[in-house]
Structure formats: structure tokens, C-alpha cells
Amino acid sequence: MSMLLEVSGVSVTFDGFRAINNLSINFAEGELRAIIGPNGAGKTTFMDIVTGKTKPDEGTVIWGERNISLLGMSESKIATEGIGRKFQKPTVFEAQTVRQNLAMALKNPRSPFDVLMHKKTKHNAERIEAIAENIGLLDNLTRIAGELSHGQKQWLEIGMLLAQEPRLLLVDEPAAGMTVEEREKTTDILKEAAKTRAVVVVEHDMEFVRRLDCKVTVLHEGSVLAEGRLDHVTSNQTVIDVYLGRGHA
């Protein structure tokens, strides 16, 4: 399995606080990975660095088989390279239907002329329906997005990212605020998505991580503390001391 993203020796300091400390972490093509750790461990800052929102003080971030450096690239350029990010709070077009949200997100030519001349092609309609089926919203395509439940809005946003056909999907705490049934459905959606791209999930909910059934990376004070299957990392005494023992499980 070839490497898709290689983060090496990355550090970043905010007002004297070292949020990321010599972090090295790699992700393979088509890999599903969970990242856990206490608050302030650097999980969100790591995603900010990969997506171009935050510039590190040192280190390298290398992407794809062409070994492109993501450092210095704009957020929009990184997105077009194939890195999609879902934030904790769902951001969908509330006044539009589910179908319209997915249609706007489809990976199509994006020049002003292309947008003006956009036609409802059969191919696009099939893509929208396939994505809607994957995210459990096929029966909700004509519903206004603002009417959806919190969990359904999260699924719609994941669908909108999938419509952009990213090679790497970064997902921040998708289980927050969901019912048990919604959390189970979300793990299914992410596992299915990981069959065709790399998916990295930052999460606090240990049951959610267990259902993902994937490799887990534990961050602490901005660097990797432990890595492996969930049972392996949660039996690590240091992980228990700095994370699980604080009631974060």
C-alpha cells in the first residue's frame, strides 16, 4: 500500500504554547484511521496544518505519488489536490434540498462559464442518487436540508465531500450530538467511504472508534503517544494515565 500523506517533524507554536511537537504521522492510500487523544492534544491543529489553515514552524507535509509539498499551498488548492475536510458542526445549505446540496458539491468543471451552463445530466443525477444511497438519504432527496435531523445533516455534509471525490477525507468528531442509531449508521458510512479513499476520523467516543475497527493513533501534547489497534493502545499504561484515566473514554 503506497503512502498518500506523510507528515514529518512538524511543529507549531501559538503564543508560546507548542500545539504540535515534532509530529510524524503517515497515512496510506485507502486507509481508515482514527485519531484520539485528550483535549489540547493537537488533533484539530494537525488537520489545520494538512488543509493549509495553519502554517507549521518546521517540518514537511508531503502528498501523493508526485511527492507534492502542501506547505505554502492555499486551502482551496489543497482541496483541489483531493483533500476534503468535515468540521464538527455541519455546514450545509439549509434552504436548499438534499439533491441541490449534493449537486452543488459534485466534482465538475468550475469556471464561471461551466457554472452558468451547468445542465442536469443523467450522469450527474446517477452520481447524486448513488451518494444519497451511501449516506442513507436516498428517500430524502427532495427534503429541505434545514428540516433534517442533526445526524442527517452530518451525513449530508459527508456526502457533499464525497461528491468532490477526495482521495483523503478528514472528519472531525462526527459522533458528537448523535443518537446511538445515528452513530452506528455514521460508522457504516465512513467504513464504506474508506473502500475507495483514505478516511481519517478524529473522535472522543470510544464505542464509535471501536465500531470503526481500524488502526488508532493517540496524540498527546502535539505528538504521537501510541499507535495500533484500539485494544492495544487502550491497554498502554501511558495512554491510560494521560487520556483514559481522565474520564475521556
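Trainee: What do the buried residues of helix H3 pack against in this predicted model?

Mentor: In this predicted model, the buried residues of H3 pack against helix H5 (122-134) and helix H6 (150-163). The residues of H3 (98-105) in question are Val98, Asn101, Leu102 and Ala105.

Trainee: How do you know that these buried residues are on the same side of H3?

Mentor: Val98, Asn101, Leu102 and Ala105 are the buried residues of H3, and they cover an arc of only 95° around the axis, which puts them on the same side of the helix.

Trainee: Why is Ser11 called buried?

Mentor: Ser11 has a relative accessible area of 0%, and buried means under 20%, so the value of 0% places Ser11 in the buried class. Ser11 belongs to strand E1 (residues 3-14), and, leaving aside its neighbours within four places in sequence, Ser11 is in contact with residues including Arg18, Ile20, Pro56 and Glu58.

Trainee: Why are E2 and E5 said to stand at the edges of their sheet?

Mentor: The open sheet of four strands has the order E2-E1-E4-E5, with antiparallel pairing. Strand E2 (17-28) and strand E5 (68-69) each have a single partner strand, so one side of each is left without a neighbour in the sheet.

Trainee: What makes the pair of Phe27 and Phe46 tilted?

Mentor: A search of the whole structure finds one aromatic pair. Phe27 and Phe46 form this pair, with 5.9 Å centre to centre and 35° between the planes. Planes under 30 degrees apart count as stacked and those over 60 as edge-to-face, with the rest called tilted, so the angle of 35° makes the pair tilted.

Trainee: Why does Asp213 count as exposed?

Mentor: Asp213 has a relative accessible area of 52%, and exposed means over 50%, so Asp213 belongs to the exposed class. Asp213 lies in the loop between helix H8 (206-212) and strand E9 (215-220).

How values were computed
Residues are numbered from 1 along each chain as its sequence is written. This is a predicted model: local features need pLDDT of at least 70, side-chain atom pairs count only at pLDDT 80 or more; totals for chains, interfaces and linings use all residues. Side-chain values use heavy atoms; hydrogens and water are left out. Buried means under 20% relative accessible area, exposed over 50%, partly exposed in between (1.4 Å probe, protein chains only). Helices (H or I, at least four residues) and strands (E, at least two) are DSSP runs, numbered from the N terminus. The arc is that of the directions from the helix axis to the C-beta atoms. Contact means heavy atoms within 4.5 Å. Two strands pair if DSSP finds at least two bridges between them. Rings of Phe, Tyr and Trp (its six-membered ring) pair if their centres lie within 6.5 Å; planes under 30 degrees apart count as stacked, over 60 as edge-to-face and the rest as tilted.
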